[in-house]
Amino acid sequence: MKRVKTALLVPGMIIAKDVHNANNILVMGKNTILTDESITKLTFHSIYSVYIKEEVAEVPKKPTYERTYIPSKIKESPEFKAFKENYEKEVENLEVTFQDIISMQSQKIGISELCQKATSMLDDTRGGIHVFDILHNMRDYDDSTFNHSMNVALICNVFADWMHMSAMEKEIATVCGLLHDIGKLRIPEKIVKKTSRLTDEEYDLIKTHPMEGYNILFESRFIASVQNAALMHHERSDGSGYPLGLKGNQIDKFAKMVAIADVYDAMTAARVYRGALCPFKVIEMFEQEGLSMFDPEYILVFLENIVQTYIKNWVRLSNGREGEIVMLNKHKLSRPVILCGTEFINLAEHPEISIEEILI
Ligand SMILES: [Fe+2]
Ligand SMILES: [Fe+2]
């Protein structure tokens, strides 16, 4: 038996010990053979690591289908290339910015300036590609704390618009996203990046990053919401989070937004050893299990808008057919109506069929 980070799990590994959340509710039983979906479920429940058996099970191969439609590639558009270039440049600069904040040399950096750093690359995407399309196409890139921080900042920036926040609140939400994991920089890099088995002490140390982040941002005199977003982004509305086990409105509203953006980014990110999960499976997990963990006012707006960004996209269904998302079901966001040829398939009425892959 060994303790392995969730980010490093691969399908076929077998759970060696029951997995519980902070409320002691069973998330996954012993002997579960992991799949892409169950690994994402662990991420969804903020389970950072699990005990795994030494032996590995055989995983059934997914069928491969012939493509009937070749979509135009976002990745090849000049807009995407410009975004990617700016994104990489800003991620590189982020390392310096974080170090400046930690060493308290950053007291001159204001919220507006930090927000500008995180969102300057959006200026080139006004031509119609949505930031979520771009993030989903960036998935084969590096998955460091800096990339993740930048993604969460961008998601929070868009999320603030969806919540109809003021320009000032939008800046705060973006910076909350940008700095939420800054505490990880106080944990030895060799532990954060460790790919071999994790000891209990190392695991406990990683779980101190919200408190470390709060301390850094308190010392650098950031406003309370930014401090709280670092401290509370692993808290959950039902009290199942950490480090304090806060509930409902004890959690800062910006921390609630960061929590959603954080989990969404972690769940949709491809890992070194496995592919990314289709966003509709992620949305289904939120719909089925997330409504008590996250503030409904925020999570429903978030999911509804994410799903909106996929309307008119070409998808492949679990039965192998391809079609276009033409209409949403407000009460079952993960199950829209698909037009396959001349036939409309309402996934809300077909629980046996699901969206396997977004092809654009
Ligand atoms: Fe975190
Ligand atoms: Fe995070």
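Predicted model: local features only at pLDDT ≥ 70, side-chain atom pairs only at ≥ 80, totals over all residues.
Helix α10 covers residues 224-232 and helix α11 covers residues 253-268. Their axes come within 8 Å and cross at roughly 45°. That angle makes α10 oblique to α11, since anything between the 35 degree limit for roughly parallel and the 65 degree start of roughly perpendicular counts as oblique. As for the hand, α10 passes α11 in a right-handed crossing. If you want to see which residues meet there, pick out Ser 225, Asn 228, Ala 229 and Met 232 on the α10 side, then Phe 254, Ala 255 and Val 258 on the α11 side.

Next, move to helix α5, residues 145-162, which packs with two partners described here, α3 and α6. Take α3 (residues 111-119) to begin with: the pair packs at an angle of about 105°, and the axes are 9 Å apart. α3 and α5 are therefore roughly perpendicular to each other. From α3, the contact uses Cys 115, Lys 117, Ala 118 and Thr 119, while α5 brings in Met 150, Ala 153, Leu 154 and Asn 157.

How do the axes of α5 and α6 cross? With α6 (residues 167-179), the axes come within 7 Å and the angle is roughly 155°, so these two helices are roughly antiparallel. The crossing is right-handed as α5 passes α6. On α5, the contact residues are Ser 149, Met 150, Val 152, Ala 153, Cys 156, Asn 157, Ala 160 and Asp 161; on α6, they are Lys 170, Ala 173, Thr 174, Gly 177 and Leu 178. Met 150, Ala 153 and Asn 157 of α5 turn up in the contact with α3 and again in the one with α6.

Two other spots deserve a look. One is Asn 31, in the loop between β4 (26-28) and α1 (36-44). Its phi is near 75°, a positive value in a residue that isn't glycine. The other is on the surface, where Val 326, Met 327 and Phe 344 form a nonpolar patch. Together they have about 300 Å² of accessible area. Of these, Met 327 belongs to strand β7, residues 322-327.

Terms used. Residues numbered from 1 in each chain as written. Chains lettered and ligands numbered in written order. Heavy atoms only, no water. Patch = residues over 30% accessible without salt bridge, like charges linked within 9 Å, V, L, I, M, F, W, Y side chains within 5 Å. Areas by Shrake-Rupley, 256 points an atom, 1.4 Å probe, with all protein chains shown as cover. Salt bridge = Lys/Arg side-chain N within 4 Å of Asp/Glu carboxyl O. Helix = DSSP H or I, 4+ residues; strand = E, 2+ residues; numbered from the N terminus. Axes fitted to C-alpha atoms, helices over the stretch in contact; angles between N-to-C directions. Parallel < 35°, antiparallel > 145°, perpendicular 65-115°, else oblique. Left-handed = near helix turned anticlockwise from the far one by under 90°. Contact = heavy atoms within 4.5 Å.
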